[in-house]
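Dear colleague,

I am handing over the structure we spoke about, and would be glad if you looked through it alongside these notes.

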Amino acid sequence: MDKRKSKTALDAAADKLREMVLAREPGAYIGREEALIAELGFARATVRQAARLVEREGFLTVRRGNSGGYFASRPDSSTIESIVSMYLSMMDVPPEDITVIATALWVEAMRKAARAPHDLIVERTSDLVERTRAVSDDAGFNEVRELERETQDVVFGLADSAYIKLIFDINVAFSRRTYQGPAADDVSPEHRRFVQSWRNARLMEFGALFQGDPELAVIASQYSRKVWARRIRARFQMKEVQEELD
């Protein structure tokens with residue numbers, strides 16, 4: 001019974017604290033612990049727990065020292081990505097489900113990006129096109145992944161959809177957590193074929209953007225995501241085999 005009361009008090013204190021924070025501008029001074037206890041109306045231990053919870057959520061910043069205290073904050077995208085990806089891991093969400101959602105989001109982003117002004121598309125992607133063409137068949141996975149991330153940022157910028165990008169990035173964060181520590185197989189024939197397929201698929205996507213063809217962008221992006229997802233799964237499976245051998 002006491003445990004249930006404590007949990008309810010913590011939830012109520014955290015809710016009131018979030019309301020206080022959201023009523024102020026980011027960076028605004030809220031007060032020191034004594035002031036917080038008086039305003040929230042809860043015991044010191046409950047207020048401290050609530051403050052830690054809201055701080056982890058990114059809504060509160062705690063500064064120590066004579067000029068310290070509690071300050072209003074706002075969670076950034078990296079905080080949200082980290083929290084949600086951890087939650088997905090706790091739920092034992094199948095990685096395959098994440099792949100399906102990420103693909104759907106990427107396809108929609110490409111569709112919207114293809115409708116951007118042609119001059120803007122050329123301005124933002126020309127360098128990426130040349131760098132993609134220059135990727136050798138012997139390129140390492142990390143090199144390809146870095147160029148993949150840069151391209152994603154540009155495409156989401158062209159699509160002008162912060163929401164789609166946020167949800168996609170949450171999926172990426174979860175994938176990194178799930179597939180962390182991939183096997184070092186960058187010299188295998190399978191990896192070379194992946195690089196070739198990835199490069200061709202990405203150039204198809206750029207071609208669709210240059211033509212301003214949303215439907216072609218959908219087809220190209222579906223193929224691109226299939227190539228990428230297949231390689232990620234293969235590396236994860238190899239990692240599992242190596243761990244079993246160890």
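First, the basis of the values. This is a predicted model, in which local features need pLDDT of at least 70 and side-chain atom pairs count only at pLDDT 80 or more, while totals for chains, interfaces and linings use all residues. Residues are numbered from 1 along each chain as its sequence is written, and side-chain values use heavy atoms, with hydrogens and water left out.

The chain as a whole

The protein chain has 10 helices and three strands, where helices (H or I, at least four residues) and strands (E, at least two) are DSSP runs numbered from the N terminus. Along the sequence these elements follow the pattern α-β-α-α-β-β-α-α-α-α-α-α-α. Of the 246 residues of the protein chain, 41% count as buried; buried means under 20% relative accessible area, exposed means over 50%, and partly exposed lies in between, with a 1.4 Å probe and protein chains only. Among contacts (heavy atoms within 4.5 Å) between residues at least 6 apart in sequence, 76% join residues at least 24 apart.

Helix α6 (residues 118-133) packs with α7 (141-159) at an angle of about 170°, the axes being 11 Å apart; axes are lines fitted to C-alpha atoms, for helices over the stretch in contact, and angles run from 0 to 180 degrees between N-to-C directions. The two helices, α6 and α7, are therefore roughly antiparallel to each other, given that angles over 145 degrees count as roughly antiparallel, under 35 as roughly parallel, 65 to 115 as roughly perpendicular and the rest as oblique. Their crossing, that of α6 and α7, is left-handed, a term used if the near helix is turned anticlockwise from the far one by less than a right angle, with clockwise giving right-handed. On the α6 side the contact includes L120, R124 and R131, and on the α7 side it includes E150, V154 and L158. The residues of this contact of α6 with α7 divide into six nonpolar, four polar and three charged, where Ala, Val, Leu, Ile, Met, Phe, Trp, Tyr, Cys and Pro count as nonpolar, Asp, Glu, Lys and Arg as charged, and the others, Gly among them, as polar.

The axes of α7 and helix α9 (residues 189-211) come within 12 Å and cross at roughly 15°, which makes α7 roughly parallel to α9. This crossing of α7 and α9 is likewise described as left-handed. Among the residues that meet here are F141, V144 and V155 of α7, together with H191, F194 and W198 of α9. By class, the contact of α7 with α9 has nine nonpolar, two polar and two charged residues.

Between α6 and α9 the packing angle is about 165°, with axes 10 Å apart, and that makes α6 roughly antiparallel to α9. The crossing of α6 and α9 is left-handed. Residues in this contact include H118, V122 and V129 from α6, and R199, L203 and F210 from α9. The contact of α6 with α9 comprises nine nonpolar, three polar and three charged residues.

Single residues

R124 has its place in helix α6 and, at 37% relative accessibility, counts as partly exposed. Not counting residues up to four places away in sequence, R124 touches V154, G157 and L158. R124 and T151 lie 27 residues apart in sequence, and their C-alpha atoms are 9.5 Å apart in space.

The loop between α7 and α8 holds D160, which has a positive phi of about 55° although it is not a glycine; at 69% relative accessibility, D160 counts as exposed. S161 is found in the loop between α7 and α8 (162-178), but at 14% relative accessibility S161 counts as buried. The side chain of S161 reaches the backbone nitrogen of I164 at 3.3 Å. With neighbours within four places in sequence left aside, S161 is in contact with K112 and F156.

M20, in helix α1 (residues 2-22), counts as buried at 8% relative accessibility. Leaving aside neighbours within four places in sequence, M20 is in contact with I30, L36, E39 and L40. M20 and A72 are 52 residues apart in sequence and 8.3 Å apart in space, C-alpha to C-alpha.

Key: Polar contact = N/O pair within 3.5 Å; in protein donor to acceptor, adjacent residues only side chain to side chain.
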